[in-house]
Amino acid sequence: MESLGKYFIFLGSLFVNRETFKTYFKLTIDECVSIGIGSIFLVSLVSFFMGAVTTIQTAYNLINPLIPDYVISLVVRDMTILELAPTIIGVIFAGKVGSSMASGLGTMRISEQIDALEVMGINSASYLVLPKILGTVLMYPMLVILAGLLAMAGGYLAGVLTEVITATEYVYGMRFDFNEYTVTFALIKSFVFAFLVASISSYKGYYTTGGAVEVGQSSTAAVTQSVIAILLADYLLAQLLL
Amino acid sequence: MIKIENIKKTFGDKEVLKGISGTFEKGKPNLIIGSSGTGKSVLLKCIVGLVKPDEGLVYYGDKEFTHADRDLKTEIRRQIGMLFQGGALFDSKTVEQNVMFPLNVLTKMPEDEKLDRVNFCLQRVGLENQNDKMPSEISGGMQKRVGIARAIVNESSYLFCDEPNSGLDPQTSILIDELILEITEEYNITTVVVTHDMNSVLGIGENIMFLYKGHKLWEGNKDEIMDSGVKEFDDFVFANKVMRKLKKMD
Ligand SMILES: Nc1ncnc2c1ncn2[C@@H]1O[C@H](COP(=O)(O)OP(=O)(O)OP(=O)(O)O)[C@@H](O)[C@H]1O
Ligand SMILES: [Mg+2]
């Protein structure tokens, strides 16, 4: 409870005594590039296979001859957009980006780099963390869109190659009774998850004390707590918005 | 000039500073000395506001710092240059970017002027042509020197150095000490140096404060250290063989 309060105070401190807009702009672009490049390969790989596996398993479960084949790709589509792309990729993203944020900031803390910024009269929290949050919130939704597309492509390839579904039926199912709101919902989720991962991981890293061991601990705690936050938020958003 | 009054700091149940007062004068190096773990770094951090003292006041000129509002604090801090015990270089930036950093955030200097200034400072600490190295690619002593260059680049009015020559060879140490002395006198700034190196004490100790277990036990200059009359201080000074020999010769 106390650390929750400290977390909100931390978030508040990001917005006082800031540097110029130009400074943040440059830092944010840098973060975007490093976050994007850092996670694009893993995200692509995971989502492609996720789509492929979902297709095969759905086909395996739908053996009833009364259910038309296109239902397979329809299920794949809805699962991908609603849950797999934003949430599962979010968990992976927390492991990849969250841990590196926390350990990066933790190292800066224990090697007195954060103190060095403070002595220069810079609000170190804002200077270091705000660009990370902005960069993540900008990049993660794009990664989710990419993940969704790749998952569907992966499903297509797996389905057609193993001949559990024809190409025409796969595409038909993809378009059948499509509700655009699911995409909006997925994007809202990705914004929220991105914010949670970036802010929680930064918070954990920023308040590291001690030495190298503690940096490792912060980084693990950052991932665990980000994942828990994602799952809670996932549940709450589903209740509120669906 | 910096004045501190009755600085106290406790971490958990460990009383680190037990009421330290003193004055650090302008235009000459002020030394804080004492053995390892006596609270020298903590005192320095209390003075620059990285650690909030439980009690006590810090005056920069006539402005009180510990209770100052955010704007005044920022204003004072922008005149502070500090060298940390471990160098504290930004590890994602090159040597040049590290030294240029204070200029980027604190001034509106044009790009080529900044570069000139950076090269000038790097040259003063004896590090030419290392501009594009990363901190991880240079030795610990070189990192220290880059740290000094970064601390002086903005021509600050207050310079704090936490063990500027630990980990350096005797020759480089002397160069660094002379550099600190030169800068202090030339720009007439207030310099506070934490050290436990007797060489530095003898070389630049114009105003020395000796800390022992959280207390200030002695104060004076380098000519007075031989006969301080304080047992703990004698133990500290004459732990050094050369100093013992000197004493005998007297
Ligand atoms: N943030 C902190 N939390 C708890 N204890 C601390 C903290 N910072 C310093 N201490 C304790 O305060 C004491 C003094 O530490 P300090 O770093 O000031 O020593 P020092 O005089 O600079 O020693 P050295 O010459 O080895 O650098 C140490 O016992 C240290 O454990
Ligand atoms: Mg120290």
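**Figure 1. Classes of the residues around ligand 1.** By class, three nonpolar, seven polar and three charged residues make up the shell around ligand 1; Ala, Val, Leu, Ile, Met, Phe, Trp, Tyr, Cys and Pro count as nonpolar, Asp, Glu, Lys and Arg as charged, and the others, Gly among them, as polar. This is a predicted model, in which local features need pLDDT of at least 70 and side-chain atom pairs count only at pLDDT 80 or more, whereas totals for chains, interfaces and linings use all residues. Residues are numbered from 1 along each chain as its sequence is written, chains are lettered from A and ligands numbered from 1 in the order in which they are written, and side-chain values use heavy atoms, with hydrogens and water left out.

**Figure 2. Contacts of ligand 1 with chain B.** Among the 13 residues around ligand 1, those that come nearest are B:Ser36, B:Gly37, B:Lys40, B:Ser41 and B:Gln85; a residue is near a molecule if one of its heavy atoms lies within 4 Å of it. Oxygen atoms of ligand 1 lie 3.0 Å from a backbone N or O atom of B:Gly39, 2.8 Å from a polar side-chain atom of B:Lys40 and 2.9 Å from a polar side-chain atom of B:Glu163. On its own, ligand 1 has 640 Å² of accessible area, of which the protein covers 62% (Shrake-Rupley method, 1.4 Å probe). Two or more residues of the shell are given by each of β2 (14-24) and α1 (40-48) of chain B, and the largest share, three residues, comes from α1(B). Helices (H or I, at least four residues) and strands (E, at least two) are DSSP runs, numbered from the N terminus.

**Figure 3. The open sheet of six strands in chain B.** The strand order is β6-β7-β8-β3-β9-β10, with mixed pairing; two strands pair if DSSP finds at least two bridges between them. At the edges, β6 (80-83) and β10 (215-220) of chain B each pair on one side only. Direction ignored, neighbouring strands of this sheet are turned by 15 degrees against each other on average. Strands β3 (residues 29-33) and β9 (residues 207-212) of chain B are parallel partners over four bridges, and B:Ile32 has B:Met209 as its bridge partner in β9(B). Helix α5 (residues 140-152) of chain B packs on the sheet, touching β6 and β7 (158-162), and its direction makes about 175 degrees with that of β6(B). Contact means heavy atoms within 4.5 Å; axes are lines fitted to C-alpha atoms, for helices over the stretch in contact, and angles run from 0 to 180 degrees between N-to-C directions.

**Figure 4. The open sheet of four strands in chain B.** Here the order is β2-β1-β4-β5, and the pairing is antiparallel. The edge strands, β2 and β5 (63-64) of chain B, each pair on one side only. Five bridges join β1 (residues 2-11) and β4 (residues 55-60) of chain B in the antiparallel sense; B:Lys3 has B:Tyr59 as its bridge partner in β4(B). Helix α1(B) lies across β1, β2 and β4 of chain B and runs at about 120 degrees to β1(B).

**Figure 5. Chain A.** Chain A has eight helices and zero strands. Its C-alpha atoms fill a box of roughly 70 × 35 × 35 Å, taken along the principal axes.

Key: A polar contact is a pair of N or O atoms within 3.5 Å; within protein, one must be able to donate a hydrogen and the other to accept it, and residues adjacent in sequence count only if both atoms are side-chain atoms.
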